[in-house]
Amino acid sequence: MSAGAARHYRAPVDLFAPTWAGLRAAVAGLADADLARPSGCSGWLVRDLVCHLVIDAQDVLITLATPAGTAPNRDAAGYWTVTATPPTGDDPLDALTVRLAAAYQEPWLLKFHLDDVGSAAGRAAELVDPRLPVATQDMVLSAGDYLAAYVLEWTLHHLDLVAHLPGAPGPSAEALARSRALLERIAGAPFPDTFSDRDALLVGTGRRAPGGAEREALGALAARLPLVLG
């Protein structure tokens, strides 16, 4: 784990709000033309990714409003389903996102919808008791663990958002460090100290292939990558 990954300034649940706010601010600052550029998600333009964020925000609202009657059976790491096959954009749900994004004929409408629903999701996260068991996708987590899992979601998608927009602000150092720590828990092994937090996330989740020196540094972990999270 890098020195950056070792610095955790606040609990993961408390990092949800600034991580989400930073991502929404980055979207709000995009020019209309930026939404038609490629994103870091295979097969998706930036506008498709932003539409996905609207759906994510709706999921957060639904989950936080769905208390479970049983104790949690997953934590933030266990929330994720891991495969080795990167998405191609051809999945029916991915294709639906593309069609929904195209329906926003004016870019400002899409940005407005994200700000509207996203602000509500942020408020709900601040109001919820982190100990509350919530149900989602046939699993039960504490609200705190659910929100901690979403710090990784927001951080990865923030990297996707700015992948081809070098002038746009990226995720905070704290979000990168916390997300790397969670990805290492999911992987069951640390990434080499020579990897920055950003590179650990990009390589670890298959957003870019490791170079020769990086692959050598990864050792046995290289054979288990990418960790495609769903």
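Leu100 is found in helix α4, which spans residues 92-103; helices here are DSSP runs of H or I with at least four residues, strands are runs of E with at least two, and both are numbered from the N terminus. The model is a predicted one, in which local features need pLDDT of at least 70 and side-chain atom pairs count only at pLDDT 80 or more, while totals for chains, interfaces and linings use all residues. Residues are numbered from 1 along each chain as its sequence is written, and side-chain values use heavy atoms, with hydrogens and water left out.

With a relative accessible area of 37%, Leu100 is partly exposed; buried means under 20% relative accessible area, exposed means over 50%, and partly exposed lies in between (1.4 Å probe, protein chains only). Together with Leu93 and Leu96, Leu100 makes a nonpolar surface patch of about 270 Å². Such patches are made of residues with over 30% relative accessible area and no salt bridge, where nonpolar side chains (Val, Leu, Ile, Met, Phe, Trp, Tyr) are joined within 5 Å and like charges within 9 Å. The accessible areas come from the Shrake-Rupley method with a 1.4 Å probe, and for residues only the protein chains shown count as cover.

From this surface the description turns to the interior. In soluble globular proteins, nonpolar side chains tend to be buried together. The largest nonpolar core of this model has 67 residues, and those with the most contacts inside it are Phe16, Trp20, Leu64, Tyr146 and Leu161. A nonpolar core is a set of buried Ala, Val, Leu, Ile, Met, Phe, Trp, Tyr and Cys residues joined through side-chain atoms within 4.5 Å. Two or more residues are given to this core by each of α2 (12-28), α3 (46-64), α5 (107-127), β3 (139-142), α6 (143-161), α7 (173-187) and α8 (197-204). The largest share, 12 residues, comes from α6.

Neighbours within four places in sequence being left aside, Leu64 is in contact (heavy atoms within 4.5 Å) with Ala124, Ala125, Val128, Leu132, Val134, Ala143, Tyr146 and Leu147.

Charged side chains form a further set of links. Side chains of opposite charge can pair when their charged atoms come close. The structure holds nine salt bridges, a salt bridge being a side-chain nitrogen of Lys or Arg within 4 Å of a carboxyl oxygen of Asp or Glu. One of them joins Asp197 and Arg180, with an N to O distance of 3.0 Å. Because Asp197 lies in helix α8 and Arg180 in helix α7, this pair ties together parts that are 17 residues apart in sequence. Asp197 is buried at a relative accessible area of 10%, and Arg180 is buried as well, at 0%. Both residues belong to a network of salt bridges that also links Glu184.

Asp48 meets Arg47 in a salt bridge of 3.9 Å, N to O; Asp48 is buried at 2% relative accessible area, whereas Arg47 is partly exposed at 31%. In the salt bridge between Arg208 and Glu214, the closest N and O atoms are 2.7 Å apart. Here Arg208 is partly exposed at 28% relative accessibility, and Glu214 counts as buried at 18%.

The cysteines come next. A disulfide is a covalent bond between the sulfur atoms of two cysteines. With a disulfide taken as a pair of cysteine sulfur atoms within 2.5 Å, the count comes to zero. Cys41 is in no disulfide, and its nearest cysteine sulfur, that of Cys51, is 12 Å away. The closest cysteine sulfur to that of Cys51 is likewise the one in Cys41, at 12 Å, which is too far for a bond. Cys41 is buried at 13% relative accessibility, and Cys51 is buried at 3%.

Finally, some features of the backbone deserve attention. In the loop between β2 (133-136) and β3 lies Gln137, and Asp138 is in the loop between β2 and β3 too. Gln137 has a positive phi near 50° in a residue other than glycine, and Asp138 has a positive phi near 60°, also in a residue other than glycine. Gln137 counts as exposed at 52% relative accessibility, and Asp138 is exposed at 85%. Elsewhere, a cis peptide bond with omega of about 5° joins Leu225 and Pro226. Pro226 has its place in the loop between α9 (212-218) and β4 (228-229).
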